[in-house]
Amino acid sequence: MTHSLHRRGAVEDLVDDFTIIFISARGYNEVNSEEKLKTFLRLSQKHNAVNFGNMEVGSVLEHGAEKVIEGVHDGTTVQATFASEEDFIAIVKDLVEADLGMSVIIQGLSDKVDHCCHEAGVEPHTWNHSLGVWGITEMLPPEPIMEVTTMCGHGMIAASLVEKVAQDVKKGRLTLDQGVDVIAKPCLCGFVNPVRTRRLIQKMCEDGTV
């Protein structure tokens, strides 16, 4: 599961951006996994996840917590996003203690993830690293736009949407919070970090990107 790996941005802007994929293995522990998957989402709520979702229903920002959690069944892939190192360490500790037997895939800056795992008393099993984008990169959107769009690893947030929202915020047609909501909702899995998105859109408006 590598769709969370390709977030772009400066190191200082990514230090408070963490995601978790919580998933069963088909044909191995998928049966009777429903309650364990729901437990993960409830723990995410407890530890102040700024977004979470499941691949069958969508994200909490679009549908609300109750619908997202109740929409989980055996084998559903669930995810959560955190904007605080303290909250992230706390949920990893709870997951270690709960020992639910599911796969836990963590995304973040490698040194931060390593530190958080150490604080939670667990060693990472495997590391995946993004090598960036190769090919005709001049066809890509501007970097400030991609810092937002790459938070949705399934590519559900269009570059044109981010640009339009940023322009509307700058012109006063939308508040910053309304703009963040518009951008984040298309991301089914709940990987868009609204705290970081708010910061990025505000920066675009202030530095003349849009």
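This is a predicted model: local features need pLDDT of at least 70, side-chain atom pairs count only at pLDDT 80 or more; totals for chains, interfaces and linings use all residues.
Just after helix H2, Asn48 takes a positive phi of about 65 degrees.

**Helix H2 and its neighbours**

H2 covers residues 34-46, and its 13 residues reach 19 Å from the first C-alpha to the last, close to the 18 Å expected at 1.5 Å a residue. Which residues of H2 are buried? They are Leu37, Lys38, Phe40, Leu41, Leu43 and Ser44. These buried residues pack against strand E1 (18-23), strand E2 (51-54), helix H4, strand E4 (78-82) and helix H5 (85-98).

**Loop residues to look up**

Asp99 is another residue other than glycine with a positive phi, here near 45 degrees. You can find Asp99 in the loop between H5 and strand E5 (103-107). Is Asp99 buried or exposed? With a relative accessible area of 62%, Asp99 is exposed. Gly64 belongs to the loop between helix H3 and helix H4 (65-70). The C-alpha atom of Gly64 is separated by 27 Å from that of Gly101, and the two residues are 37 apart along the chain.

| Residue | Relative accessibility | Class |
|---|---|---|
| Asp168 | 8% | buried |
| Gly64 | 24% | partly exposed |
| Asp99 | 62% | exposed |

**Helix H8, one side at a time**

H8 has twelve residues and reaches 17 Å from its first C-alpha to its last, close to the 16 Å expected at 1.5 Å a residue. Its buried residues are Val162, Val165, Ala166, Asp168 and Val169. Why do they lie on the same side of H8? They cover an arc of only 160 degrees around the axis, which puts them on the same side of the helix.

Leaving aside its neighbours within four places in sequence, Asp168 is in contact with Arg173 and Leu174. Just after H8 comes Gly172, with a positive phi of about 85 degrees.

**Where H8 meets H10**

The axes of H8 (residues 159-170) and H10 (residues 194-207) come within 9 Å and cross at roughly 65 degrees. The crossing of H8 past H10 is right-handed. On the H8 side, Val162, Ala166, Val169 and Lys170 take part, and they meet Ile201, Met204 and Cys205 in H10. The residues of this contact divide into six nonpolar, no polar and one charged.

**Helix H9**

In H9, the buried residues are Leu176, Gly179, Val180, Ile183 and Ala184. They cover an arc of only 125 degrees around the axis, which puts them on the same side of H9. What covers them includes helix H3 (60-63), H7, H8 and H10.

Definitions and conventions. Residues are numbered from 1 along each chain as its sequence is written. Side-chain values use heavy atoms; hydrogens and water are left out. Axes are lines fitted to C-alpha atoms, for helices over the stretch in contact, and angles run from 0 to 180 degrees between N-to-C directions. Helices (H or I, at least four residues) and strands (E, at least two) are DSSP runs, numbered from the N terminus. A crossing is left-handed if the near helix is turned anticlockwise from the far one by less than a right angle, and right-handed if clockwise. Contact means heavy atoms within 4.5 Å. Ala, Val, Leu, Ile, Met, Phe, Trp, Tyr, Cys and Pro count as nonpolar, Asp, Glu, Lys and Arg as charged, and the others, Gly among them, as polar. The expected span of a helix is 1.5 Å times one less than its number of residues. Buried means under 20% relative accessible area, exposed over 50%, partly exposed in between (1.4 Å probe, protein chains only). The arc is that of the directions from the helix axis to the C-beta atoms.
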